Amino acid sequence: MKSEAVKDFDAPVVASFSSRGPDVITKDILKGKLSVNYSIASGTSMSCPHAAGAAAYVKTFHPQWSPSAIKSALMTTARCISGTKNPDREFSFGAGHIDPVRAVNPGLVYDATTRDYIKMLCNIGYGTKRVRAMSRGKNISCPILRKRGTARDLNYPSMAAYLYNEKPFKIRFLRRVTNVGLAKSTYKSEVSAEPGVDVKVVPQVLSFNSLGERRSFVVIVSGKGFSKDSVVSGSLVWSDGIHIVRSPIIVYKKLGFARGELVYGSGKLGLTKGGCLVLILILVPRAPGLWQPRQTQQMGAFVHGHWFERTVAVGDISPFLPVLSVSDHLVQSYSKSFNGFAARLTTQESNKIANMDGVVSVFPSRTLRLQTTRSWNFMNFPESVKRVPNVESEVIIGVFDSGIWLQSDSFNVKGVGRPPKKWKGVCNGGKNFTCNNKVIGARVYTGLERDAIDRLSHGTHTASIAAGTVVKGVSFYGLALGNARGGVPSARIAVYKVCNGLGICAEAKLMAAFDDAIADGVDIITASIGMVQAAQSFSNSLEIGAFHAMQKGILTSTAAGNSGPKAATVSSTAPWLLTVAASSTDRQFIDKVVLGDGTTIVGNSVNRFQLNGTKFPLGYGKDVSSLCSASRANKLVKGKIVLCDHFNGIFEIVRVKALGAILLDDRKDFPVVLPLPATVLSTQDGNKLKSYMNSTK
């Protein structure tokens, strides 16, 4: 069962584990979820830094582009993915499969400013108070209810509309594009749609006389109405004969998305009696000394299901001291990029603070989840691609993850110059950690782990994918031989260790990392971190932090999540985020199971164990336990290849030292590294194997 690499002609196909839409928070936004290939045993966590690397590559050619312009370029030039092979279609692959080279020259971009996003937040009902806190704009006011628009008014590269009933509909999307292609150019529109909708564009032709010129148009989508659970998609393409600017269009009506289903919190929190870690987002403008800690003191372990260290910030928090029963409940303050603090509070304290003037949001600090040699080539991004080395070396990518292993060859400093002058960060990586010209900064936010060293390997992998230097001749014991490299090998890396060696990431620490990274001067942030389910932006630390980063010209790439294939599981839904799904590459790692009658069943895994064609007995059921639990003695599996009805049976198989294993799991449509001769089969193929075993008894 030694693995071999073969061509996958169906790729790209969105992985089963990759979270799907629609967006349960803002239903009229088709999330700009881009499909990126994943590598061995990784998931959307490893797709995220691919997108960050692609975004950084585009930025090297267009340093002045806004985050939304870069995102638009990646979306509108993405390669189409087959809807036949991906039945969830746009809800699984979003705009398509990233093509970094095409994104450098997209022709047109859909640019969105902070004001555009603020208008969208007003339109979905956030209100003046919350919008001011999200944006730190004290003069912002949302219009009265009857003058508000909808989320689909956002100048976004895709168009989506959720239907609340079965009546005929006519929906208008107003869009604005900026010319970044040829100065004098004319773009003609072409629309396509499935039966059930009619799409028109007014005007049908856009003419430009200079770069940077903007033109507006309206897309009108109409139909007779849908029955329940209907999803109809189409597309709009603008082309000048050189550039192809594609935007997906989707109209849908699905069960489980009723009007009024999502309600805004009242500020009343059901916290435990002893007090939980809570984040407080403050509306008031930052005054001298306010939220600026004058003294920071480490208070040891804080094991409360969220994190393991408590930081006491002593500053001007006088408005809140009467509410706090003990002043050292403060854990973290945010002072550089937004206003707020984290504290351990009781229910009573939380409710009092939530109702105080100037407080926009009080929410629990949740535990977040951490979500190659061929991947970049498959993205049409070979080593020989055109680059701007002097600009690329000035790009700084902030990696929010589990730290980094500096000894990896991916962070070799050979030929790397001094850090960019714009860098304002520090190297506080702890004991035995020294930054270099490649990894120029490090900050640690975890408790018991007081250094930036990666004990999980997750952060090292994400950092190397985004910006690792070229490492030649990499393979897994000869399998998949090639050169490993990041998307922007000359770029610099700044490490923000927000997750510990167990993969635990506290929201309050994530907020602190955003606060620091924005001030440090990073250009792109990759954060393969997310919640189990989506949350409103005003109570979502990732989206709050990314919003403030966007205001400073920093694009944040994040993982869609690994909760697929169930619908509406994507957890990062804000349109200012670059949300990335996972798809397959054109290379599969397979193993062949050859039965006694000569039948061959193909599975997948990554292992380099050679059985040399020798036949071995199979064990299953009463012989060894079908679930491969610990209830069977070692002697029953000795010298056998054991069939397990569940993938997790591998742990017991290794413990009892069976010769090998065949594991059944329908979600394992990607290969994983296994520590013995083993492979993973679908349930259907597993049943064939069981039938063979029964026939030979």
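**Salt bridges and nonpolar cores in a predicted model**

Visitor: What makes the contact between Arg-455 and Asp-451 a salt bridge?

Guide: In this predicted model, the closest N and O atoms of Arg-455 and Asp-451 are 2.9 Å apart. The cut-off requires a side-chain nitrogen of Lys or Arg within 4 Å of a carboxyl oxygen of Asp or Glu, so the pair is called a salt bridge.

Visitor: How do you know whether Asp-451 is buried or exposed?

Guide: Asp-451 has 12% relative accessibility. Buried means under 20%, and therefore Asp-451 counts as buried.

Visitor: Why is Arg-455 called partly exposed?

Guide: The relative accessibility of Arg-455 is 45%. Buried requires under 20% and exposed over 50%; the value for Arg-455 lies in between, so the residue is partly exposed.

Visitor: Which residue forms a salt bridge with Glu-449, and how is Glu-449 itself classed?

Guide: Glu-449 pairs with Arg-455, the closest N and O atoms being 4.0 Å apart. With 16% relative accessibility, Glu-449 is classed as buried, because the limit is under 20%.

Visitor: Which residues make up the network of salt bridges around Arg-455?

Guide: The network links Glu-449, Asp-451, Arg-455 and Lys-497. For the model, the count comes to 13 salt bridges.

Visitor: What makes the salt bridge of Asp-645 and Lys-690 a link between distant parts of the chain?

Guide: The side chains of these two residues meet at 2.9 Å, N to O. Asp-645 lies in the loop between β33 (641-644) and α13 (650-656), whereas Lys-690 belongs to helix α14 (residues 683-695), and the two are 45 residues apart.

Visitor: Which residues have the most contacts inside the largest nonpolar core?

Guide: That core has 52 residues, and those with the most contacts inside it are Leu-121, Phe-400, Tyr-496, Val-522, Ile-525 and Trp-576. Among the elements that give two or more residues to this core are α5 (114-123), β20 (396-401) and β24 (492-497). Helix α11 gives the most, with 8 residues.

Visitor: With which residues is Phe-400 in contact, its neighbours within four places in sequence left aside?

Guide: The contacts of Phe-400 include Tyr-496, Leu-510, Phe-514 and Ile-525. A second, separate core of 46 residues includes Leu-74, Ile-98, Met-379 and Ile-493.

Note on methods
Residues are numbered from 1 along each chain as its sequence is written. This is a predicted model: local features need pLDDT of at least 70, side-chain atom pairs count only at pLDDT 80 or more; totals for chains, interfaces and linings use all residues. Side-chain values use heavy atoms; hydrogens and water are left out. Buried means under 20% relative accessible area, exposed over 50%, partly exposed in between (1.4 Å probe, protein chains only). Helices (H or I, at least four residues) and strands (E, at least two) are DSSP runs, numbered from the N terminus. A nonpolar core is a set of buried Ala, Val, Leu, Ile, Met, Phe, Trp, Tyr and Cys residues joined through side-chain atoms within 4.5 Å. Contact means heavy atoms within 4.5 Å.
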